[in-house]
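Here is a short briefing on one protein structure, written for a reader who is new to looking at models. Please keep the sequence and the 3D view open while you read.

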Amino acid sequence: MELIAGVDEAGRGALAGPVVSSAVILPEKYNLPGLNDSKLLSPKKRDKLFHKIKNQAIAVGIGMADEKEIDKTNILHATFTSMQRALGQCNQQPDKALIDGKPLPNQIIPNEGIINGDAFVPSIQAASIIAKVTRDKLIVDLGIIFPEYGFFYHKGYGTKKHLEALNEWKACPIHRKTFAPVKRNLPSIKWYTERRKIGWVGEKLAALHLWKRNHEIIILNKNCPPYGELDIISKTKNTLIFSEVKTAVCNSLTVPENQIGREKLSRLVKAAHSFLQKNPTKMDIRLDAVLVKLYKGNHDINRIKGLTLD
């Protein structure tokens with residue numbers, strides 16, 4: 001049997017987050033009742049088909065291009081890149097690829113573009129479901145870091161609520177800065193300073209930094225009275241991590257304070273123990289510091305792994 005992969009993307013028209021593509025090779029015989037373009041299916045139906053496709057497909061590949069890549073090139077080029085990565089992630093290389101829309105340039109695998117292929121080509125429909133469910137879950141996870149924007153509801157697309165949030169909170173680090181509604185709402189250090197949001201944006205940047213390094217972000221700004229707030233709680237592998245974030249605006253003449261005083265450290269340890277009393281776990285526990293330096297148009301992040309709590 002000739003191995004033919006269907007390829008489709010999700011998130012091309014969004015204002016935030018990556019564009020995600022999938023390549024799916026279906027067997028000659030499969031049992032996927034209700035298979036259709038992902039946009040025409042309910043979330044519940046998509047989730048069911050997602051698991052069935054993963055179980056029945058000969059190969060499934062997923063690729064993505066994040067907001068930085070989108071801004072550096074353009075959304076079309078980034079979409080092609082994510083599709084090429086998806087094909088490269090298939091555990092069996094297809095003999096041919098059917099692409100929803102335009103064919104892929106500079107692709108060693110022979111491919112054909114099919115306009116509206118997600119309406120009638122089963123392998124493309126399967127790819128559209130894999131891409132959509134994968135991206136939706138990713139955006140929902142990011143919504144824990146950026147709850148102000150309502151990503152859980154609109155998945156980064158330019159709804160009225162999203163545009164209102166952009167106007168109020170300005171763009172966040174996962175917004176696509178070259179897209180017009182975002183470009184009109186780019187924050188400056190002055191904007192953060194005047195609104196006393198330097199610490200706020202530092203915590204967002206720190207949490208995103210951790211998330212991109214395979215941390216599951218559990219919660220930000222968890223209040224543990226009477227000891228105060230834990231900036232970020234995350235977990236990775238078998239370790240639960242409490243991260244204290246320190247943020248400073250820097251220029252060539254300033255150096256941010258890197259130390260956490262003894263009294264502050266004592267309070268953080270007590271806050272962590274307070275959280276653990278209400279949320280017991282068998283995981284290892286660690287307290288880290290994340291140092292964020294803000295520059296004009298850029299930032300640096302340094303993570304210091306701290307002491308193990310008994």
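In the largest nonpolar core, which has 29 residues, the members that touch the most others are Phe146, Tyr149, Phe151, Ile174 and Ile232. A nonpolar core here is a set of buried Ala, Val, Leu, Ile, Met, Phe, Trp, Tyr and Cys residues joined through side-chain atoms within 4.5 Å, where buried means under 20% relative accessible area, exposed over 50% and partly exposed in between, with a 1.4 Å probe and protein chains only. This is a predicted model, in which local features need pLDDT of at least 70 and side-chain atom pairs count only at pLDDT 80 or more, while totals for chains, interfaces and linings use all residues. Residues are numbered from 1 along each chain as its sequence is written, and side-chain values use heavy atoms, with hydrogens and water left out.

- An open sheet of 5 strands runs in the order β3-β2-β1-β4-β5, with mixed pairing, and two strands are said to pair if DSSP finds at least two bridges between them.
- Because β3 (59–65) and β5 (111–114) stand at the edges with a single partner strand each, one side of each has no neighbour in the sheet.
- Strand β2 (residues 19–25) pairs with β3 in the antiparallel sense over 7 bridges, and the bridge partner of Val20 in β3 is Met64.

**Helix α4**
- Of the 24 residues of α4, 19 are buried, so this helix is largely enclosed by the rest of the structure.
- At 1.5 Å a residue, α4 should span 34 Å, the expected span being 1.5 Å times one less than the number of residues; the end C-alpha atoms of α4 are 36 Å apart, which agrees.

**A loop residue**
- Gln93 lies in the loop between α3 (75–88) and β4, and counts as exposed because its relative accessibility is 55%.
- Gln93 touches Leu3 and Ile109, not counting residues up to four places away in sequence, where contact means heavy atoms within 4.5 Å.
- Gln93 and Ile109 are 16 residues apart in sequence and 8.4 Å apart in space, C-alpha to C-alpha.

Key:
Helices (H or I, at least four residues) and strands (E, at least two) are DSSP runs, numbered from the N terminus.
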